[in-house]
Amino acid sequence: MTNPAHKKHDFIGRSVLSALAFLKDATLSEEYANRKGFLQSLDPRFKTISFLLFLVTVVSLKSIVLISPFYLLCLILALLSGIPLRNFLLRTLFFIPLFSLFIVLPTLFSIVTPGEPVWSFHVVGITGIITRPGLDGAVLFVVRIATSVSLVVLLSVTTRHSELLKVLRVFGIPQLFVLTVSMCYRYLYLFATMVENIFTAVKSRVGVVSHQRQGQNVVAWNIANTWNRTTQMSEEVYMAMISRGYTGEPRLLSKFHATPKDWLWLLCAVVICASLFYRGHTL
Amino acid sequence: MSDTVFELKDVHYSYLGKFPALCGVNMTIRSGEKIAVIGANGTGKSTLLQLLDGLIFPDRGTVTAFGERLLEHSQDNEKAAHRFRQRVGLVFQNADIQLFCPSVREDIAFGPLQFGVAEDEVSRRILEVAEVLDIQHLLDRVPHQLSIGEKRRVAIASVLAIDPDVYLFDEPTAGLDPLTVRHIIDFIVNANQRGKTIITATHDLHIIGEIADTVYVFGRNKSIVRGGSSESVLNDRSLLESNNLIHMHRHHHDGREHVHQHLPLEPHD
Ligand SMILES: Nc1ncnc2c1ncn2[C@@H]1O[C@H](COP(=O)(O)OP(=O)(O)OP(=O)(O)O)[C@@H](O)[C@H]1O
Ligand SMILES: [Mg+2]
């Protein structure tokens, strides 16, 4: 049967499945965090503080020459931490700066950033002029965004989410919040898997019956079912917590182990940031 | 009687007031006993274990634990609640429910930490428990990415870390390979020899001989249809068959059709 509607349905199904798989892989799996590498071996507190330091410096610097060393640093750190460069570049260079382009695009033009025109064009009677300061500002902006995004990606990819959350604890965020968010994370993964399974199940059933209506019913029923399971599950998880002594104020493991290597790393980070910051503000 | 752990008198429980799950259950469990609760799906085994763990409370009838009535408001006092929770541990039927922490290590630590055990002692216990259940290599893994058998072992470890007097197991061997089943049976038998009281809900008749001295059979009426020593229950085939615990096996042998029961204790040909 070569029904085009059927094919389309299948295409949507496959796209949803692969989108889900990507989402699960990109945000929820902690593949790189579990590898052995330089960044993975650092104490999450020291790592977070040093990356915050980098970020602040990158944002405050106004010269591409001074920002690019940080980008180079990111690439070196990625290599030292077992992250394939291709994968890392894809994540940072391609996806996220794409969004920042939408922010930067208006500042290119003369209305927003006046100056010497570099290139002008006419679209339906409107004259657009790209200015020199506008272009320079845009390039700087993109480099800055790319570097900041690289830093954030690097930190989040090499640290388990639960540990990042625990670093928040160190900064005085309540334990209950940390527990709740980490549990959301954990069950999000479970639900993604559940939706995936349901999708496959529906597809296999629709495949046999090949009856659009029936397929829709199965989908509707499964969505309702997922919802029920979700609420029931949260009740049961609560019971499981009660059973092991939870009384409303959770207590979690909080120990981090700082080594001389962590201090050394922090010292390096401070020196790098201070010297580039100094150069940036005396030039 | 000071060694009575649980005493249930005419216990009734229904979900949302309209789905009956237990109807008139009477039971006395003494310290150090090995008990199995068997019954078809939906006969109230999990509900019973949750009642015994003080997670739900009967609509009618009484549950007494360690000589005190289990009441909902007795859980309001943190000290009293902790005292009970430290004595009774439940391994849930669904390990995904039980393991809610971001890492295996933290899941094992959760119980002891709630009871105020110091972190050094907790770290020591994690290693000890991981060794008993052979999960040292899983400590830094994410619980939901483990296999069913690994999750089950982690779930048991999370209860063992509390070191309760009474273990409640809900289908501990469902869906596991023979070696893992063996490991878990050994764990149960071992714990019992150390004086722990064990109550297991299961469908798996093969393991009952080892994990229980006394067996309660739950029927479709959601109450106990028979209680007795494990041999006497396992030998009562008509009882087991009428309660969906064994079934007739029909297959071909040398071209002749052949019907026999699927027996719990003997391997079938
Ligand atoms: N959350 C719930 N809401 C409504 N009814 C429920 C709920 N949980 C269980 N029941 C009902 O209570 C009865 C007993 O359920 P229970 O889970 O205790 O059975 P079980 O013996 O553990 O079954 P299984 O062998 O399948 O685990 C069943 O009829 C079931 O439909
Ligand atoms: Mg059950």
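This is a predicted model: local features need pLDDT of at least 70, side-chain atom pairs count only at pLDDT 80 or more; totals for chains, interfaces and linings use all residues.

Student: Which residues coordinate the magnesium ion?

Tutor: Donors are N, O and S atoms within 2.8 Å of the metal (3.2 Å for Na, K and Ca); water is not among the atoms, so sites may look incomplete. Here, Ser46(B) through OG and Gln93(B) through OE1 coordinate the magnesium ion (ligand 2) at 1.9 to 2.2 Å. These two residues are 47 residues apart: Ser46(B) is in helix H1 (residues 45-52) of chain B, and Gln93(B) is in the loop between strand E6 (88-91) and helix H3 (95-98). Helices (H or I, at least four residues) and strands (E, at least two) are DSSP runs, numbered from the N terminus.

Student: Is Ser46(B) buried or partly exposed?

Tutor: Buried means under 20% relative accessible area, exposed over 50%, and partly exposed in between (1.4 Å probe, protein chains only). Ser46(B) counts as partly exposed because its relative accessibility is 21%. Gln93(B), at 39%, is partly exposed.

Student: How many residues of helix H4 of chain B are buried?

Tutor: In this helix (residues 104-114), 10 of the 11 residues are buried, including Val104(B), Phe110(B) and Leu113(B). After the helix comes Gly116(B), with a positive phi near 80 degrees.

Student: What is a nonpolar core?

Tutor: A nonpolar core is a set of buried Ala, Val, Leu, Ile, Met, Phe, Trp, Tyr and Cys residues joined through side-chain atoms within 4.5 Å. The largest one here has 43 residues, and Phe6(B), Leu8(B), Leu48(B) and Ile199(B) have the most contacts inside it. Helix H9 (residues 212-243) of chain A gives the largest share of this core, six residues. Another core, of 37 residues, lies apart from it and includes Val122(B) and Ile198(B).

Student: Where is Thr147(A), and what does it touch?

Tutor: Contact means heavy atoms within 4.5 Å. Thr147(A) belongs to helix H6 (residues 132-158) of chain A and is buried, at 0% relative accessible area. Beyond residues up to four places away in sequence, Thr147(A) touches Val58(A), Ile67(A), Phe70(A), Tyr71(A) and Cys74(A).

Student: Where does Asn243(B) lie?

Tutor: Asn243(B) lies in the loop between helix H10 (237-242) and strand E11 (248-253) of chain B. Asn243(B) counts as buried because its relative accessible area is 9%.

Note on methods:
Residues are numbered from 1 along each chain as its sequence is written. Chains are lettered from A and ligands numbered from 1 in the order in which they are written. Side-chain values use heavy atoms; hydrogens and water are left out.
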